[in-house]
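Please look at the sequence and the 3D model below. Then follow the chain with me, one part at a time.

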Amino acid sequence: MQAVSALEAVPPLFLIVAAGLLGLLVGSFLNVVIHRLPRMMEYDEANYLAELRDEPLPHPDRYNLMVPRSACPHCGHQIAAWENVPVVSYLFLRGKCSACKAPISVRYPLVELATAVLTGLAMWHFGPTVQALAAIVMVWSLVALTMIDADTQLLPDQITLPLLWLGLLLNLNGAFAPLADAVIGAAAGYLLLWSVYWLFKLVRGKEGMGYGDFKLMGALGAWFGWQALPALVLLSSVVGAVFGIVLLIVRRQGRETPFPFGPFIAGAGLIVLFFGADVLPLGLTFSR
């Protein structure tokens, strides 16, 4: 609390710019999380199964968010510090590896820029408050979850569950919603998509979404309270449906082709974070 009080004396523009610069640095780290966390889960599972079978570990080398050092996937060139400056290095290298000249995906600087903009926006929207610091953590979590789900159709528990518990802890003092509303929101958010999952499975005989989607909706319910769930569900469903239709038309993909739903839940969460659950017309949300 004292740190937050001290921030109130700092000029708002400085705080917003500082938050944006911090977002750039964190965005660079999120690129590592997005790439490595699914592989860490895969390696851990494979090693665990090998141990149960008393077989040699398929992935004996240490692999986490810090080790080994980042390297070019084409030639193995280890990324030097000067090549890892957010956005700037990509522009200086003209989007190519300094060693083999293979193209570097433009997604890396876009993730960094998106994280920077959203982090600065959180500081601008909430000011030097506990809510701003919490919102920044939510932004970082949702950016990582969005990209991981887009790549792998996974929403790791390592991110969704801490996000859920953090929302409940923050709302002990009503940071975003009364605690009772947050607890009901966490349970209702999870059970709502859980019910849709089982209804779809009973009708169609197959899965329509993953358990990570339930947990993410539960986490958002824990942050914003049960009153925000109509907005979260409707926004994510409508945008997801439009995206699915576009895929059908543009890529000529069949209706059976799966696509991740997590990014749309995350997008709905960001909208409610910055604009509130009253963004929907026709009284589809409930006032607290």
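Start in a loop. Val-87 sits in the loop between α2 and α3. Its phi is near 65°, a positive value in a residue other than glycine. Val-87 is also buried, with a relative accessible area of 16%. Buried means under 20% relative accessible area, exposed means over 50%, and partly exposed lies in between, with a 1.4 Å probe and protein chains only.

Pro-68 belongs to the loop between α2 and α3 (88–92) as well. The peptide bond from Val-67 to Pro-68 is cis, with omega near 0°. Now move to the loop between α5 and α6, where Gln-153 is placed. Phi of Gln-153 is near 60°, a positive value in a residue other than glycine. Gln-153 is partly exposed, at 41% relative accessible area. Why point these residues out? Most residues other than glycine have a negative phi, and most peptide bonds are trans.

A word on the model itself. It is predicted, and residues are numbered from 1 along each chain as its sequence is written. Local features need pLDDT of at least 70, side-chain atom pairs count only at pLDDT 80 or more, totals for chains, interfaces and linings use all residues, and side-chain values use heavy atoms, with hydrogens and water left out.

Next, the whole chain. The protein chain has 10 helices and 0 strands. Helices (H or I, at least four residues) and strands (E, at least two) are DSSP runs, numbered from the N terminus. Along the sequence, the pattern reads α-α-α-α-α-α-α-α-α-α. The chain has 288 residues, and 40% of them count as buried. Its accessible surface comes to about 16200 Å², and 67% of that belongs to carbon and sulfur atoms. These areas come from the Shrake-Rupley method with a 1.4 Å probe; for residues, only the protein chains shown count as cover.

Contact means heavy atoms within 4.5 Å.

Now go inside. In soluble globular proteins, nonpolar side chains tend to be buried together. A nonpolar core is a set of buried Ala, Val, Leu, Ile, Met, Phe, Trp, Tyr and Cys residues joined through side-chain atoms within 4.5 Å. The largest such core here has 60 residues, and Leu-142, Trp-223, Phe-224, Leu-232 and Leu-273 touch the most other members. Helices that each supply at least two residues of this core include α2 (12–52), α4 (107–126), α8 (211–224) and α10 (262–275). The largest share, 12 residues, comes from α5. Zoom in on Leu-232. Leaving aside neighbours within four places in sequence, Leu-232 is in contact with Met-217, Leu-220, Phe-224, Ala-268, Gly-269 and Val-272.

Charged residues come next. Side chains of opposite charge can pair when their charged atoms come close. A salt bridge is a side-chain nitrogen of Lys or Arg within 4 Å of a carboxyl oxygen of Asp or Glu. How many salt bridges does the structure hold? There are 2. One joins Arg-107 and Asp-151, with the closest N and O atoms 2.7 Å apart. Arg-107 lies in helix α4 and Asp-151 in helix α5, so this pair ties together parts 44 residues apart in sequence. Asp-157 and Lys-215 also form a salt bridge, with their closest N and O atoms 2.8 Å apart. Asp-157 lies in helix α6 and Lys-215 in helix α8, so that pair ties together parts 58 residues apart in sequence. Asp-157 is partly exposed, at 33% relative accessible area.

Glu-112, in helix α4, is buried yet has no salt bridge. The nearest side chain of opposite charge, Arg-107, is 10 Å away. Lys and Arg count as positive and Asp and Glu as negative; His and the chain ends are not counted. Beyond its neighbours within four places in sequence, Glu-112 is in contact with several residues, among them Gly-23, Asn-31 and Val-87.

Finish with Asp-149, found in helix α5. At 3% relative accessibility, Asp-149 counts as buried. Its side chain reaches the backbone nitrogen of Leu-154 at 3.1 Å. The C-alpha atoms of Asp-149 and Phe-259 are separated by 9.1 Å, though the two residues are 110 apart along the chain.

Notes:
Polar contact = N/O pair within 3.5 Å; in protein donor to acceptor, adjacent residues only side chain to side chain.
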